[in-house]
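Subject: Structure handover

Hello,

Here is the structure I promised to pass on. Please open it first, then read the notes below it.

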Amino acid sequence: MIVLFIGGILSFGTYFLGKKVFKDNTLNILAFSAGTGNTGYFGIPLAFMLFDERLANVYVFSVLGSLLYESTIGFFIIAKGSYSVKDSLIRVLKLPAIYAMVLGLSFNFLKIKLSVDILNYLDYFKGAYAVLGMMMIGMSLHGLNRMLIDKIFISVALIIKFILFPLVILAVIYIDKLFFQFFNSDFYKVLFLFGVPPMAGNVVAIATLLKSNPEKAAIAVIISTIVSIFTIPVMVAYLMPA
């Protein structure tokens, strides 16, 4: 819920402040990308590389917050750039990810156990998840006829992703550590990792689906991913909570 809350605040904040600069649906893409990152396809392998299996699994479960954001607030904001509020809400309600999440949580709450065969399959799927996700992004990029380099959009998107988002994450950790102590150091590490990955690859797929300037989204995601090769080691080495 914290991941969902942070994503929603950054997304709506970017949307309302960005109206002064962006006059088309580029603003909707920017607002969507501001609230999330490539926490799944990029972040999950990173979590298994940096954490032990127990903590990495906590990160995987926390990714549900990002998926919930992308399938509700984020999807609605991008859709609103091309459709009415009513049509945007209808499109959100058609997303299967929401119902899959509710089903999974219901199984967990009711203590319905899955068979060993399904659990073994899911263990293999964790390793394939990142590969399949990046393949989907590549397929969506291949379908684009041209790349649009919007210097203002890319600059703002990179500032939000690599400066503002990590600072907000660190601020939440600092406030909790100083005043509330709701969470422990392990959770701080998990939460910190949400501020590390590049822009969400799903922004290209969703922008393509909704016909909302996917060309601009594609080049921004590519540049963001390249930049993250240099920023991730620095962030992990110097900013990750002890």
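What follows covers the pockets, the salt bridges and one serine.

Please keep in mind that this is a predicted model.

Start with the largest pocket. Its volume is about 1,700 Å³. The lining counts 35 residues, and those closest to the pocket centre are Val60, Leu64, Leu67, Phe125 and Tyr129. What is the make-up of the lining of the largest pocket, by nonpolar, polar and charged residues? It holds 26 nonpolar, six polar and three charged residues.

Now the second largest pocket. Its volume is about 280 Å³. Here 16 residues form the lining, and Met1, Phe61, Ser62, Leu64 and Gly65 are the closest to the centre. At least two lining residues come from each of H1 (2–18), H4, H6 and H9 (185–193). H4 gives the most, with five residues. The lining of this second pocket divides into 14 nonpolar residues, two polar and no charged.

**Salt bridges**

Side chains of opposite charge can pair when their charged atoms come close. How many salt bridges does the structure hold? There are three.

Look at Lys216 and Asp24. Their side chains form a salt bridge, at 3.8 Å from N to O. Lys216 sits in helix H11 (214–238), while Asp24 is in the loop between H1 and helix H2 (26–34), so the pair ties together parts that are 192 residues apart in sequence. Is Lys216 buried or exposed? Lys216 is buried, because its relative accessible area is 12%, under the 20% limit. Asp24 is partly exposed, with a relative accessible area of 39%.

Lys216 also forms a salt bridge with Asp150, and the closest N and O atoms are 3.2 Å apart. This pair links distant parts of the chain too: Lys216 in H11, and Asp150 in the loop between H7 and helix H8 (151–180), 66 residues apart. Asp150 is buried, at a relative accessible area of 18%. Shared partners join Asp24, Asp150 and Lys216 into one network of salt bridges.

Then there is Asp186 with Arg54. In this salt bridge the closest N and O atoms are 2.8 Å apart. Asp186 belongs to H9 and Arg54 to H4, and the two are 132 residues apart. Asp186 is partly exposed, with a relative accessible area of 23%.

**Ser88**

One last residue to look at. Ser88 is in helix H5 (85–93). Ser88 is buried, because its relative accessible area is 0%, and buried means under 20%. Which residues does Ser88 contact, leaving aside its neighbours within four places in sequence? They are Phe76, Ala79, Lys80 and Tyr83. With Ala79 there is a polar pair as well: the backbone oxygen of Ala79 lies 3.5 Å from a polar atom of the Ser88 side chain. Ser88 and Leu210 are 122 residues apart in sequence, and their C-alpha atoms are 9.9 Å apart in space.

Over to you.

Best wishes

Definitions and conventions:
Residues are numbered from 1 along each chain as its sequence is written. This is a predicted model: local features need pLDDT of at least 70, side-chain atom pairs count only at pLDDT 80 or more; totals for chains, interfaces and linings use all residues. Side-chain values use heavy atoms; hydrogens and water are left out. On a 1 Å grid over the protein atoms alone, a cavity is a set of points where a 1.4 Å probe fits but cannot get out, and a pocket is an open set with protein on both sides within 12 Å along at least five of seven lines; lining residues have an atom within 4 Å of a point. Grid points are joined across faces, edges and corners, and a volume is the space filled by probe spheres set on the points. Ala, Val, Leu, Ile, Met, Phe, Trp, Tyr, Cys and Pro count as nonpolar, Asp, Glu, Lys and Arg as charged, and the others, Gly among them, as polar. Helices (H or I, at least four residues) and strands (E, at least two) are DSSP runs, numbered from the N terminus. Buried means under 20% relative accessible area, exposed over 50%, partly exposed in between (1.4 Å probe, protein chains only). Contact means heavy atoms within 4.5 Å. A polar contact is a pair of N or O atoms within 3.5 Å; within protein, one must be able to donate a hydrogen and the other to accept it, and residues adjacent in sequence count only if both atoms are side-chain atoms. A salt bridge is a side-chain nitrogen of Lys or Arg within 4 Å of a carboxyl oxygen of Asp or Glu.
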